[in-house]
Amino acid sequence: MLIIVVGRGHSGTRSIAQTLYASNVYMGSLLNNSCDFVPAHNLYRSCHIFSKYVNYSGNYKWDFSGALKQEVPNSFRKLVQEYLKPILESKNEYRGWKLPETTLIYPWIYDLFPDAFYIFWSRHPFDSILGSHLTDDLNDFSVDYPTSKDMVQNRAISWLYQHEIQQCIPKPKNSIEVRFEDFVLNQEKTISKLEDFLQKKLARIPMRSDSLGKWKGKINPNEFSYLFDAMNYYDYFYE
């Protein structure tokens, strides 16, 4: 079974990666402190290939049709396969990877691995954008967007873009959506759902509830009203 975690940086994906690793899922030959499978330079390069086929439509919307009708280029396929070589060659029954930048190429990842098991991981955007991440400035991955002098705004737009890219194709037949908040506050119930999904017993790792709601008093929701529709999708509040 191939397991792919899809979620923006600082969305708490480390917790699911740690859970899978502790449950004897092979997550790659080398992991960094965030449990990302590294080195990731080949996957980063693949992001630039995908982005060439995405157009910014204005009003915080992107047109993914060019990428969706495009056959996955061999150059992209080769870069991803080189990045994933240890995982794809692994003999482990359960194997997979976590790297936030995977979200930036998710539609083509699905084209390459339609039978994989996808875990879509989300976190309240206001908590997610408090800290910096490699994907804060989408221009760094050749994605056009309305840049701001305010880096927190850029992070919010990046969060929205990564939400939109997850919605631009139907969910895979083998997929589950998990909120970081549910994993923290209702870990046993949430892990039970993941166990049913993966048909595998999973480890329990320590979680801290003080990782939630840190944005309160630091972020004015009205400055990010363009996120509200996407936040409603996850039942996230903004008051």
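Is Cys-168 buried, partly exposed or exposed, and what relative accessibility does Cys-168 have? The structure discussed here is a predicted model.

## The cysteines

Cys-168 has a relative accessibility of 21%, and therefore counts as partly exposed; the class of buried residues ends under 20%. Cys-47, by contrast, has a relative accessibility of 0% and so counts as buried.

A search of the whole structure finds zero disulfides. Cys-47 takes part in no disulfide, and the nearest cysteine sulfur to its own, that of Cys-168, lies 14 Å away. For a disulfide, the two sulfur atoms would have to be within 2.5 Å.

## The four-stranded sheet

Four strands form an open sheet in the order E4-E1-E5-E6, and their pairing is parallel. Strand E4 (95–98) and E6 stand at the edges with a single partner strand each, so one side of each is left without a neighbour in the sheet. From one strand to the next, the twist averages 20°.

E1 pairs with E5 in the parallel sense over four bridges. Within this pair, Ile-3 stands opposite Phe-117 in E5, and Val-6 stands opposite Phe-120 in E5. E1 also pairs with E4 in the parallel sense, over four bridges; here the bridge partner of Leu-2 is Arg-95 in E4.

## The enclosed strand E1

How many of the five residues of E1 are buried? Five of the five are buried, so E1 is largely enclosed by the rest of the structure. Both faces of the strand are covered: on one side Leu-2, Ile-4 and Val-6 are buried, and on the other Ile-3 and Val-5 are buried.

H10 lies across E1, E5 and E6, and runs at about 165° to E6.

## Helix H10

After the helix comes Gln-199, whose phi is positive, near 55°.

The buried residues of H10 are Gln-187, Thr-190, Ile-191, Leu-194, Glu-195, Phe-197 and Leu-198. Seen down the helix axis, the buried residues fall within an arc of 160°, so they line one face of H10. On the other side of H10, Lys-189 and Asp-196 are exposed. The elements against which the buried residues of H10 pack are strand E1 (2–6), helix H1 (13–22), strand E5 (117–122), strand E6 (175–179) and helix H9 (180–185).

Strand E2 (residues 55–58) and strand E3 (residues 61–63) pair in the antiparallel sense over three bridges. Gly-58 has Lys-61 in E3 as its bridge partner.

The two strands form a hairpin, with two residues between them. Asn-59, in the turn, has a positive phi of about 55°.

Thr-13 is found in helix H1. Its relative accessible area is 4%, so Thr-13 is buried. Apart from residues up to four places away in sequence, Thr-13 touches Val-5, Gly-7, Arg-8, Lys-98, Pro-100 and Trp-121. Thr-13 and Phe-120 are 107 residues apart along the chain, and their C-alpha atoms are separated by 9.4 Å.

Ile-165 lies in helix H8 (residues 151–167). With a relative accessibility of 0%, Ile-165 counts as buried. Which residues is Ile-165 in contact with, leaving aside its neighbours within four places in sequence? They are Phe-50, Phe-64, Thr-103, Leu-104, Ile-105, Tyr-106 and Pro-107. Ile-165 and Glu-181 are 16 residues apart in sequence, while in space they are 22 Å apart, C-alpha to C-alpha.

Terms used:
Residues numbered from 1 in each chain as written. Predicted model: local features only at pLDDT ≥ 70, side-chain atom pairs only at ≥ 80, totals over all residues. Heavy atoms only, no water. Buried < 20%, exposed > 50% of the residue type's maximum accessible area, 1.4 Å probe, protein only. Arc of directions from axis to C-beta. Contact = heavy atoms within 4.5 Å. Pairing = 2+ DSSP bridges. Axes fitted to C-alpha atoms, helices over the stretch in contact; angles between N-to-C directions.
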